[in-house]
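The exercises below are meant for a reader meeting this structure for the first time. Each one sets a task and then works through a solution step by step.

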Amino acid sequence: QESGNTYRLDVSGQLMKADWRQCEAALAKELQRVGSVKLLCVLKAFEGWEANEDWNNLSFYVQHGDAIERIAIVGQERWRDLALMFAAADLRKGPVEFFPEASLAQARAWLAA
């Protein structure tokens with residue numbers, strides 16, 4: 001928890017499916033407690049997603065997607081399109097924005113709006 005109902009997720013290296021499931025479980029508990037959240041995802045030295053895994057499972061999104069008010073993703077420009085696709089930006093009720101890695105303060109301000 002960064003502040004209020006804003007939660008931060010730092011992702012570095014390769015994102016593994018098992019780690020992602022742990023994050024989803026932790027976020028589900030927080031959603032039960034606080035109702036809705038804003039997410040700040042910071043990609044640091046990010047190397048992509050674990051290969052050969054089924055990343056198409058949308059059960060968490062179907063169950064909890066509407067409780068996520070906004071998502072700000074901060075990282076290298078080369079990850080923009082894939083990160084927005086991974087976050088299901090086009091499917092979500094709440095907006096999802098990508099910010100260059102030097103724009104963390106701008107991402108926080110956008111989440112607070």
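**Exercise 1. Find which residues touch the most other members of the largest nonpolar core, and which elements supply this core.**

The model is a predicted one, and its largest nonpolar core has 23 residues, among which Leu39 and Ile73 touch the most other members.

**Exercise 2. Describe how strand β3 is joined to strand β4, and which helix makes a β-α-β unit with them.**

Begin with the pairing: strand β3 (residues 68–75) and strand β4 (residues 96–100) run parallel and are joined by five bridges. Within this pair, isoleucine 71 stands opposite valine 96 of β4. The helix to look for is α3 (residues 80–86), which together with β3 and β4 makes a β-α-β unit that is right-handed.

**Exercise 3. Work out where the buried residues of helix α1 lie around its axis, and what covers them.**

As a first step, note that α1 has 18 residues and reaches 25 Å from its first C-alpha to its last, which is close to the 26 Å expected at 1.5 Å a residue. The buried residues in α1 are Lys17, Glu24, Leu27, Ala28 and Leu31. Because they cover an arc of only 110° around the axis, they are on the same side of α1. The covering of the buried residues of α1 includes β1, β2, α2 (59–64) and β3, whereas the face turned away from the buried side carries the exposed residues Ala18, Gln22, Lys29 and Arg33. Following α1 comes glycine 35, with a positive phi near 95°.

**Exercise 4. Decide whether threonine 6 and alanine 26 are buried, partly exposed or exposed.**

Threonine 6 lies in strand β1, and its relative accessible area is 12%; since buried means under 20%, threonine 6 counts as buried. Leaving aside its neighbours within four places in sequence, threonine 6 is in contact with Gln1, Lys38 and Leu111. Alanine 26, by comparison, has its place in helix α1, and at 43% relative accessibility alanine 26 is partly exposed.

Technical notes:
Residues are numbered from 1 along each chain as its sequence is written. This is a predicted model: local features need pLDDT of at least 70, side-chain atom pairs count only at pLDDT 80 or more; totals for chains, interfaces and linings use all residues. Side-chain values use heavy atoms; hydrogens and water are left out. Two strands pair if DSSP finds at least two bridges between them. Helices (H or I, at least four residues) and strands (E, at least two) are DSSP runs, numbered from the N terminus. A crossover is right-handed if, with the strands pointing away from the viewer, the path from the first strand over the helix to the second runs clockwise. A nonpolar core is a set of buried Ala, Val, Leu, Ile, Met, Phe, Trp, Tyr and Cys residues joined through side-chain atoms within 4.5 Å. Buried means under 20% relative accessible area, exposed over 50%, partly exposed in between (1.4 Å probe, protein chains only). Contact means heavy atoms within 4.5 Å. The expected span of a helix is 1.5 Å times one less than its number of residues. The arc is that of the directions from the helix axis to the C-beta atoms.
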